[in-house]
Amino acid sequence: MSASEPTTDESVAPEADPAPVLDHGVPVSHPRGQRVLHPSREELVGLVATLRDEGWLMCLDVTAVDYLAHPRTDLPESVAPERFEVVVTLISHTERQRLRLRVQVPESDPTVPTLFELHPGTEAMEREVYDLFGIAFTGHPDLTRILLPEDWHGHPLRKDHAVGSIPVQFKDAPSR
Amino acid sequence: MTTTDPNPTDAPAEPGHRALADLTDEGAQEMEPRRFAGGVEVLREVGSVLRMSEAEAGADAPEDGETTIINMGPQHPSTHGVLRLMLELDGETVLRTKPVIGYLHTGMEKTGEQLTYLQGGTNTTRMDYASPIFNELVFALAAEELLGVELPPRATWIRMLLCELNRLTSHFLFLATNGMDLGSSSMMIYGWREREEGLRILESITGLRMNHNFIRVGGTAADLPDGWQDRLSAYLDTLPARLEEYEVLMTNQPIWRDRLQGVGTISTEEALALGATGPILRSTGYAWDLRREMPYLAYDEVDFDVIVGTYGDCFDRYAIRLNEVRESIKILRQCIERMPAGDYRVQDKKVTPPPRARIDESMEALIHHFKIFTEGFKVPEGEAYVAVESPRGELGCYLVSDGSSKPYRMHIRGPSFVNLQVLPHLMHGGLIADAVAIISSVDPIMGEVDR
């Protein structure tokens with residue numbers, strides 16, 4: 001999980017000025033010309049509120065990635081990688097741009113403050129992340145499973161969750 | 001407890017008798033009897049957590065506190081699949097609504113991590129089964145973004161043609177079911193007639209009516225068949241007159257207007273806050289269409305209008321889709337006229353399998369073919385979010401690659417999934433009889449909601 005090298009992506013379009021290291025006070029990277037901010041969990045809500053006032057009016061997507069099996073090399077130097085990453089996508093209709101926030105979430109304490117107060121549309125998406133990754137959004141009004149049954153055990157999109165198989169009974173085959 | 005416990009409600013939340021490894025195995029869990037439900041599900045059933053619009057609902061709740069909670073779905077024919085709604089009613093007025101989803105969840109994002117980039121299209125195409133082309137497209141675009149390949153113009157235009165043809169069939173599906181939901185069963189048949197014609201053309205191009213897997217990473221699976229222009233033109237020629245029929249049958253009909261106008265209204269601010277995109281956002285008068293505002297494919301080279309509404313009601317959402325059909329016809333005609341010659345897929349040996357004829361004569365081509373179809377091609381490490389304007393709104397794909405031939409993480413931002421959150425707002429204060437009209441006007445596809 002160690003990622004000491006800063007991102008050097010060969011497919012990034014050559015830019016005139018070097019990309020700034022900080023944007024809104026948080027580390028920033030520009031993989032493939034997309035602007036990605038890396039706030040900490042504590043900075044997230046304040047940053048999204050500031051961005052909303054600046055015209056990033058809509059929260060398109062909240063999702064997560066479990067980096068258990070994949071040591072990343074695309075994080076800025078100042079960001080310590082953790083197992084989980086919550087990915088928030090915002091859009092500004094006036095600038096016609098999308099903005100991605102990648103928040104590191106440690107395995108030992110998988111919680112992130114909710115964005116529900118700022119963008120009520122994140123309600124279902126945060127529940128989906130909670131359901132499939134087990135990342136809890138503190139302050140969410142109704143953090144329950146949304147896609148899986150209530151009594152499901154485990155969080156299937158975690159990398160240590162087995163893919164599973166349903167036994168199929170064939171004719172003349174011994175049953176399980 | 002034992003598995004033979006006769007009283008399921010007494011069962012503790014933790015099973016305790018199965019090894020943890022078994023329990024994270026989805027197959028094993030599926031085979032388990034559903035006796036571990038405990039009180040959680042029961043609590044949800046009585047509606048204690050009906051949430052959206054709660055402040056408003058509390059303000060005009062009846063003083064005697066006599067509200068009724070009813071369930072609509074998941075088998076209700078007007079819920080477009082397996083959507084279940086918990087409705088809190090005061091008489092016939094809807095106070096709170098909670099969509100309950102997940103009945104069609106098949107773990108497609110997990111499946112996507114097991115399939116190579118070549119196979120991935122077969123998975124994503126099954127998400128939004130009314131507009132499969134868009135799902136294939138967004139997955140291919142995301143992978144191409146990571147690969148950094150540049151498509152030949154013909155591939156781009158073929159994709160655009162298929163998208164618009166698919167938008168037609170998807171909107172006809174909406175018009176048909178919207179008509180049926182509101183009691184116009186002749187509209188159901190008319191919409192289906194036009195949709196089937198469109199699907200036949202899609203079939204003649206891709207080989208399948210639905211779930212095409214025709215748009216592949218690096219281009220399309222095949223070139224357009226001979227005579228596609230004539231077939232498509234003949235189809236497009238029949239449509240304007242039929243759309244006029246729809247106007248007579250529905251738009252200009254007083255009963256139709258009464259059922260839809262002023263029903264299920266939403267403001268721009270609410271739509272933006274709730275993340276609603278597509279016709280729902282445009283019905284509020286907000287002209288946001290990714291094809292125009294953030295062009296992908298060759299949409300910046302074709303001429304079309306973005307249809308917007310004014311009142312944000314069910315009628316606007318109906319009218320937007322009806323008129324988007326006309327715009328799609330415009331784009332399709334431009335595709336017929338201006339379809340560039342050239343290759344239908346990128347000639348990048350890392351991504352594209354060799355032509356069939358080469359396999360017969362070249363050992364290397366055979367090996368190459370075999371490697372691509374068994375092992376797949378490797379995609380450079382990185383992550384990307386790409387979005388297209390599907391008939392329902394912004395359809396996004398967030399792809400993370402670890403440098404192997406399978407996506408490390410594949411997430412689809414389904415517009416129906418997010419749009420479904422506006423239902424409680426649209427329904428609030430309306431009549432239960434309008435609920436069907438409102439669900440229909442959101443046009444959710446449950447395959448995409450649950451994925």
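What covers the buried residues of H1(A)? The cover includes S2, S3, S5, S6 and strand S7 (111–113) of chain A. The views below set that answer in context.

This is a predicted model: local features need pLDDT of at least 70, side-chain atom pairs count only at pLDDT 80 or more, and totals for chains, interfaces and linings use all residues. Residues are numbered from 1 along each chain as its sequence is written, while chains are lettered from A and ligands numbered from 1 in the order in which they are written.

**View 1. Chain A in outline.** Chain A holds two helices and eight strands. Helices (H or I, at least four residues) and strands (E, at least two) are DSSP runs, numbered from the N terminus. Along the sequence the pattern reads β-β-β-α-β-β-β-β-α-β. Chain A has 176 residues, and 38% of them count as buried. A residue is buried if 20 or more other C-beta atoms lie within 10 Å of its own, exposed if 12 or fewer, and partly exposed in between; the C-beta atoms are placed from the backbone. Take the contacts in chain A between residues at least 6 apart in sequence: 54% join residues at least 24 apart. Two residues are in contact if their C-beta atoms, placed from the backbone, lie within 7 Å.

**View 2. The six-stranded sheet of chain A.** The strands form an open sheet in the order S1-S2-S3-S6-S5-S4, with mixed pairing. Two strands pair if DSSP finds at least two bridges between them. The edges are strand S1 (22–23) and strand S4 (58–66) of chain A, each pairing on one side only. Strand S2 (residues 26–29) and strand S3 (residues 35–37) of chain A are antiparallel and share two bridges. A:Ser29 has A:Val36 in S3(A) as its bridge partner.

**View 3. Helices on the sheet of chain A.** Helix H1 (residues 41–53) of chain A packs on the sheet and touches S2, S3, strand S5 (84–92) and strand S6 (97–105) of chain A. The direction of H1(A) makes about 165° with that of S6(A). Axes are lines fitted to C-alpha atoms, for helices over the stretch in contact, and angles run from 0 to 180 degrees between N-to-C directions. The buried residues of H1(A) are A:Leu44, A:Leu47, A:Val48 and A:Leu51. An α-helix has 3.6 residues a turn, so residues three or four places apart point the same way. Just after H1(A), A:Gly55 takes a positive phi of about 110°. Helix H2 (residues 122–133) of chain A lies across S4 and S5 of chain A, at about 5° to S4(A).

**View 4. A:Pro81 in its loop.** A:Pro81 sits in the loop between S4 and S5 of chain A. Why does A:Pro81 count as partly exposed? Because A:Pro81 has 17 C-beta neighbours inside 10 Å. A:Pro81 and A:Val105 are 24 residues apart in sequence; C-alpha to C-alpha, they are 8.5 Å apart in space.

**View 5. The three-stranded sheet of chain B.** The order is S1-S2-S3, in an open sheet with antiparallel pairing. Strand S1 (68–72) and strand S3 (93–100) of chain B are the edge strands. Neighbouring strands are turned by 25° against each other on average, direction ignored. Five bridges join S1(B) to strand S2 (residues 84–90) of chain B. B:Met72 stands opposite B:Leu85 in S2(B), and B:Thr68 has B:Leu89 as its bridge partner. Seven bridges join S2(B) to S3(B); in S3(B), B:Val100 is the bridge partner of B:Arg84. S2(B) and S3(B) form a hairpin with two residues between them. B:Gly91 in the turn has a positive phi of about 65°.

**View 6. A helix pair in chain B.** Helix H9 (residues 185–206) and helix H10 (residues 228–251) of chain B pack at an angle of about 165°, with axes 11 Å apart. That makes H9(B) roughly antiparallel to H10(B) (angles under 35 degrees count as roughly parallel, over 145 as roughly antiparallel, 65 to 115 as roughly perpendicular and the rest as oblique). Residues in the contact include B:Tyr190 and B:Ile201 of H9(B), and B:Trp228 and B:Leu239 of H10(B).

**View 7. Chain B against chain A.** In this interface, 49 residues of chain B are in contact with 45 residues of chain A. Elements of chain B that each supply at least two residues include helix H3 (38–45), strand S7 (393–401) and helix H18 (415–419).
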